[in-house]
Amino acid sequence: MAENDKKPSSRLTMHSIDPDDFIRFLAEKAGDHDPCWVCKADDWVIMCANDGPTYRFGIPSRNVEKTFYASVFMYYCQNCGFLRQHISKVVNSWVEENPANLELDLGDDQGVEHEGGENV
């Protein structure tokens, strides 16, 4: 079996979502316009692969005996680099409760890109 043919472990795919689903979540929760809190620009980039799921980051907790990681999705302001994050379990639950609808109108989503630079 080739290296690329291996299935990713369940730990790697747990709470994984498509970038378009993350954009739907953000559009629902943030409304029509969600400028950067620092520079007021509206030019966000989701951290994800061009052809894969939204990256899921593990942020370690320092004040517990057992190692614990908070699983988050991140996006940043392309103008100043301000970083925002959302707990992946919350986003994943919302996506499961609100499946994609092909006729869904996301409105003006010009300010959100994938990490690879593709407009969404």
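Predicted model: local features only at pLDDT ≥ 70, side-chain atom pairs only at ≥ 80, totals over all residues.
1. The largest nonpolar core has 16 residues. Within this core, Ile17, Phe22, Phe25, Ile46, Tyr75 and Val91 touch the most other members. At least two residues of the core come from each of α2 (19-30), β1 (44-46), β3 (69-77) and α3 (88-97). The largest share, 4 residues, is supplied by α2.

2. Tyrosine 69 belongs to strand β3. Is tyrosine 69 buried or partly exposed? Its relative accessibility is 43%, so tyrosine 69 counts as partly exposed.

3. Which residues does tyrosine 69 touch, if those up to four places away in sequence are not counted? They are Gly58, Ile59 and Pro60. For one of these, isoleucine 59, the C-alpha lies 5.0 Å from that of tyrosine 69, although the two residues are 10 apart in sequence.

4. The count of disulfides is 0. Cysteine 39 takes part in no disulfide, and the nearest cysteine sulfur, which belongs to cysteine 77, is 3.6 Å away. A disulfide would require the two sulfur atoms to be within 2.5 Å. Cysteine 39 has a relative accessible area of 26% and is therefore partly exposed.

5. With a relative accessible area of 36%, cysteine 80 is partly exposed.

Terms used:
Residues numbered from 1 in each chain as written. Heavy atoms only, no water. Core = buried A, V, L, I, M, F, W, Y, C linked by side-chain atoms within 4.5 Å. Buried < 20%, exposed > 50% of the residue type's maximum accessible area, 1.4 Å probe, protein only. Contact = heavy atoms within 4.5 Å.
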